[in-house]
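Thanks for coming, everyone. Let me put the sequence and the structure up, and then I will talk through how the two chains meet.

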Amino acid sequence: MMRKFYGTELSNGLMLGTAQYPSPAILADAFERSGAAVATVSLRRESGKDKAGQDFWEMIQRLGVRVLPNTAGCHTVKEAVTTAHMAREIFGTKWIKLEVIGEEDLLHPDVFGLVEAARILSEDGFEVFPYCTEDLVVADRLLNVGCEVLMPWGAPIGSGQGLNNLFGLRALRAHFSDVPLVIDAGLGLPSHAAQAMELGFDAVLLNTAVAKAGSPALMAEAFGLAVKAGQMAALADPMEKRDMAAPSTPVIGKAFLT
Amino acid sequence: MSLKISIIGGGVAGLCVARELVDRGADITLYERGDGVGKHACSWWAGGMLAPYCEGETAEDIVVQLGLKAADWWQKSVKKGIKSGQKGAEKAQKVQKNGTLVVSLARDHADLERFTRRTRCFTRVGADEIGRLEPDLKDRFSKGLFFESEAHLSPREVMTTLRELLVFEGVKFIRDEVEPELIAKDGLTIDCRGLAAKDSLADLRGVKGEMLMLSCLDVSISRPIRLLHPRIPIYIVPRGDGIYMLGATMIESSGGKYATARSVLELLSAAYALNPAFGEAEILEIGVDSRPAYPDNIPRLTRDGNIISINGLYRHGFLLAPAMAQMVAAHIFENKSLEMKHEYSA
């Protein structure tokens, strides 16, 4: 059973970003072939002014998937809150992916600013998807201020490294077994996405791995299949690892070959 | 009697179409929004790189193909201006065929590897070769790519020369904002208005670009340099006399009269990374405009009765306008289809 995101059930666990594609036509193709359930859109403040980005947003809305606006590139609480308000007005949705960046080289979330911005936005009726780390205490604080979904990173944004801290992510999954969790950022290959889903995460969010591939649409389809495979595997209750071999046929009584 | 044709729009597309049609003996009237070549056309802010192979990193193959002969076309067109003594033609003569150099900072070498895989017709260069090509970048980059056959030009000078030559050859330039439907009642009309034609071309959108013009006598760079970066690929194009054009952002937005502080910071820090002496550069201009683009970022030629429209040249105005203009001429005079085809390379 897939956990619901603020009461909404998604058709699958793939969320795809909309930046950095060679063209909007290729972007649309990637969405179609991946079957992604959600499109994230980052709002540049300047495009919000006078709705100058209208053409692009209308194109995103025509994709026919659920839109999750994103406060990408915001470095302060105030900036993130302002961007969230602009996004709500433009896209007519309470959903907001909240990014408050605290460090430039790893684009590490500023977890203190994040909790503060999440509190302000939750109180204001937003349904916040916070981009966080695997830190259990930060996760707890985010839930306390009203978040009902968490988006821990797999690895730094755009790095393509996959799941960097497996132990931490497993702990997070085990600790918050009722909370929908989305692996956001750092995925480079479909196998990374499958692994996240196998660990029991509810969705993955990625952008660069598809947009910067030589054939974005083909890579998008590969991610769509990987997410599906991982999701099925998680439902199928995978076997446990063990240290010794376990023969799949009985050994005792078997005829010896001479 | 020669065929009368009207062109609406005096940017790079309109001027190239006029050139091709005049060469075929047409009698041209060109309607332009502003007074001559100027800021009202987004080509005023162009980089002027004729770099089909580099563009191939993200552009479709047809863009590469159609752009291959652009440098020769511009060289030929400008030379005509020099022969007929158009002022400024000497400066505009500089359709420079000395290649493009692509570099990245060590932390972004993965982006250079990707660029290597996605493009062709380059040689890999190391620190020594980079220093030989551009002495002022010596010891600053350990790896790069050199696209020897690419070229660049100075858009403003080249467009001015082309326009003056067309005036000399009898093209009537009229300063007026006109509706194609009205003009087309009197005959064949080529709509080259760019984003101004948005109301009649539903798919067209604007992609905002910001650029800077710098004056820096302390740095001498002779060819376009592309500095790869995961978010904002930046290029610097020498205009001669210590003037450099630094561009350009790509933002999905059709509005905005002003550049943002963030964009200017990012552009300047890239220049600074190329050579810290750019820190002393004087900022001559901060330019902003929106480029017209279709969803696939490939230009289109369409015909509706008496109106032929050329649009969606995106960031490839100088690279693609010559081929587009030749297609229009071949359509009018040889009845060829307006469909974009690979064999049409100027």
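This is a predicted model: local features need pLDDT of at least 70, side-chain atom pairs count only at pLDDT 80 or more; totals for chains, interfaces and linings use all residues.

Across the interface of chain A and chain B, the rule finds 2 salt bridges, a salt bridge being a side-chain nitrogen of Lys or Arg within 4 Å of a carboxyl oxygen of Asp or Glu. One salt bridge joins the side chains of A:Glu79 and B:Arg262, at 3.4 Å from N to O. Residues are numbered from 1 along each chain as its sequence is written, chains are lettered from A and ligands numbered from 1 in the order in which they are written, and side-chain values use heavy atoms, with hydrogens and water left out.

How many residues of each chain are in contact? If contact means heavy atoms within 4.5 Å, then 20 residues of chain A are in contact with 24 residues of chain B. Together the two chains bury about 1,700 Å², with 43% of it on carbon and sulfur atoms; buried area here is the accessible area (1.4 Å probe) that two parts lose on being put together, summed over both.

Turning to chain A by itself, 53% of its 258 residues count as buried, that is, under 20% relative accessible area with a 1.4 Å probe, protein chains only. Its C-alpha atoms fill a box of roughly 85 × 40 × 35 Å, taken along the principal axes. Among contacts in chain A between residues at least 6 apart in sequence, 67% join residues at least 24 apart.

Terms used
Buried means under 20% relative accessible area, exposed over 50%, partly exposed in between (1.4 Å probe, protein chains only).
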